[in-house]
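Hi,

Here is the structure I promised to pass on. Have a look at it first, and then read my notes below.

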Amino acid sequence: MERVISTRGLLSLPPKPQVRPYLPLHTLRIRFPSAAAPALCARAPASALHGLSCRERTPSIARPTASRDPERSLLYPGISGKQRKVPIFRASAAIPADGAGSAELGEKKPKFLGVEITTLKKIVPLGIMFFCILFNYTILRDTKDVLVVTAKGSSAEIIPFLKTWVNLPMAVGFMLLYTKLSNVLSKEALFYTVILPFIAFFGAFAFVMYPLRDAIHPTALSDKLLAALGPSFLGPVAILRIWSFCLFYVMAELWGSVVISVLFWGFANQITTVEEAKEFYPLFGLGANIALIFSGRTVKYFSNLRKNLGPGVDGWAISLKGMMSIVVLLGFGICAIYWGVNTFVVNDPSLPRSDRKKKEKPKLGMNESLKVLLSSRYVRDLATLVVAYGISINLVEVTWKSKLKAQFPSPNEYSSFMGDFSTATGIATFTMMLLGRLILRKFGWGVAAMITPTVLLLTGVGFFSLLLFGEPLAPLLGSLGMTPLLAAVYVGALQNIFSKSAKYSLFDPCKEMAYIPLDEEMKVKGKAAIDVVCNPLGKSGGALIQQFMILTFGSLANSTPYLGGILLVIVLAWLGAARSLDSQFSPLAKKELEKEKMRKEKANESLIAAAREDTDGLVAEVKLRENDSLHESIASEDSTNGSPLKEKLASESESSSETSTGRSQ
């Protein structure tokens, strides 16, 4: 059989067609080498292969030698000599449909310490910003207590009244104003509008209001009111007597709730993705305790400046100016970081954006919240934990601060001790946050949930025992170089340190974990009910109890035995609720883990099935492309080797004819 081959294009044969015999393939199972196949593997994009890996190897196919098949060796000159390499396509893990893992196949992004540079552009400024905010908050928190507790004509009894009748109304008013401004101003303008008044006030307080305190405080009017109302009203009257100090107290409290909770976390949630938040938000918590340690040392340093000053110099005024100067400078630093992130990071189109949508929380009224709390024993136990913690901390803290003033009446001494207290709290909380995961993993939810009330119970018993029965213990404590009052101050400090560190590392995670096994409706409604009823009740419950005791018994010192009894009852109820909740949480948690395991298994099975289908289809497609390229290569080789083959066959034909002629002769 003969055929004529004519080609056109760049790779064309000579204009005269070549005549050669057509030799059909012996079998389709023989895989001929193809020079185009490796190029197909090299040119194919990673997305087209979709999980297929390509490498070359020498196929183990028996090739005909020249002696056995001379025509074949002439037709395919490279087949009898050096073996050619052909591409072998193998199936590997398929890329998920959502594109996860495509970064590995694509261009790698630059990293530093294992983190992408684009992520660090957001996380590092946010970390510095968070450090500055919490550094300021620790200084403000320690200073506000010094101002209102050690002021002339005031004591720790002012704190319950201040929290209830001044701090709470101003916080509500501020949030209403913030809501109005958020509807009018842009996000950047709103940030500056909120934070700059704080910075201006703290600077003005140290350099203007505090030096003029005697002129702006109505001391004479306050003395007349106290004489008319009696010593039981020392706290309420002190709010009027030292109103500028009380305003500083409220602004310091609002710095924690507004600048940290609203401004910072709102901005962080705006520019970070969910994956970045899961990875780096826990590190912000550790950074907060580092800020607590350094700010405590700063407070200690400025409080001790009085020792180096001469007589007649107001050491506390100088310390206050130094600390508020740092607050103002760091405040402007926070604004500069915010401006830089918005200018160079947020507007950068190459950085990933947060696509999180704001969840709509159900708005439950007081009656609906009470119905939810009463309808479920599980939610009632959880609510008891929240309320008990708020009341217990408030009862102990205010009583401890009253004894702290008795031990350290000077503002500088009081502030110096609070600096040490803040540093110790930061170290203890940092350590407990590292140990919290180990405790939860090894001992379970129940043990972790009962550590906080147990610490409060043991230290509370020691604290109130020293206050009530300190005189009989005086000789023993004297041998240790302490008085009953100083021992009570130290035990109360240990109680506050360990209770706060246990709260951040164990109580808060356990509280949030308790919502997980609930069904969706109860999870949403129960959390809303606790937010509406229990959080405010826990925060204000202790203050209301103390106000009632002060007005009834005349002073906080006279109320100490009753406050100790109330604390004992509340902590025991807390332990009972934690034990009851553990008996309900553990079975529900096991069921939830089993459901989650089944969901993961089903998801993995579906992914494997989808990957197999995709792999089979892609393998078939690649084989089809390879087959086409092989046939193209064969045709090309046929065209190239046509002339030599023709000459060879012609010469063989002539020789065979001569031989036959010779025989016939």
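Keep in mind that this is a predicted model. Let's begin with two helices, H6 (residues 158-182) and H10 (residues 234-241): their axes come within 8 Å and cross at roughly 65 degrees. Angles from 65 to 115 degrees count as roughly perpendicular, so that is the word for how H6 and H10 sit relative to each other. Their crossing is right-handed.

Which residues make this contact? On the H6 side you'll find Ile158, Phe161, Leu162 and Val166, and on the H10 side Gly235, Pro236, Ala238 and Ile239. Sorted by class, the contact of H6 with H10 has seven nonpolar residues, one polar residue and no charged ones.

Stay with H10 for a moment. Its buried residues are Gly235, Val237, Ala238, Ile239 and Arg241. What do they pack against? The buried residues of H10 have H6 as a partner, along with helix H9 (219-229) and helix H11 (243-271).

In general, a pair of packed helices is described by the angle between the axes and by the distance between them. For H6 and H11, the angle is about 45 degrees and the axes are 10 Å apart. This angle makes H6 oblique to H11. The crossing of H6 and H11 is right-handed.

If you want to find this contact on screen, the H6 residues include Ile158, Leu162, Val166, Met170, Phe174 and Tyr178, and among those they meet in H11 are Cys246, Tyr249, Val250, Leu254 and Val262. By class, the contact of H6 with H11 divides into 17 nonpolar, one polar and two charged residues. Lys163 of H6 and Glu253 of H11 are both part of this contact.

Now for the cysteines. Cys246, one of the H11 residues in the contact with H6, is buried, with a relative accessible area of 3%. Cys510 is buried too, at 2% relative accessibility. How many disulfides are there? A search of the whole structure finds zero.

One last stop is Ser410, in the loop between helix H15 (377-407) and helix H16 (411-468). Is Ser410 buried or partly exposed? Its relative accessible area is 26%, so Ser410 counts as partly exposed. Ser410 and Ala151 are 259 residues apart along the chain, yet their C-alpha atoms are separated by 9.3 Å.

Cheers

Terms used:
Residues numbered from 1 in each chain as written. Predicted model: local features only at pLDDT ≥ 70, side-chain atom pairs only at ≥ 80, totals over all residues. Heavy atoms only, no water. Disulfide = S-S within 2.5 Å. Buried < 20%, exposed > 50% of the residue type's maximum accessible area, 1.4 Å probe, protein only. Helix = DSSP H or I, 4+ residues; strand = E, 2+ residues; numbered from the N terminus. Axes fitted to C-alpha atoms, helices over the stretch in contact; angles between N-to-C directions. Parallel < 35°, antiparallel > 145°, perpendicular 65-115°, else oblique. Left-handed = near helix turned anticlockwise from the far one by under 90°. Contact = heavy atoms within 4.5 Å. Nonpolar A, V, L, I, M, F, W, Y, C, P; charged D, E, K, R; others polar.
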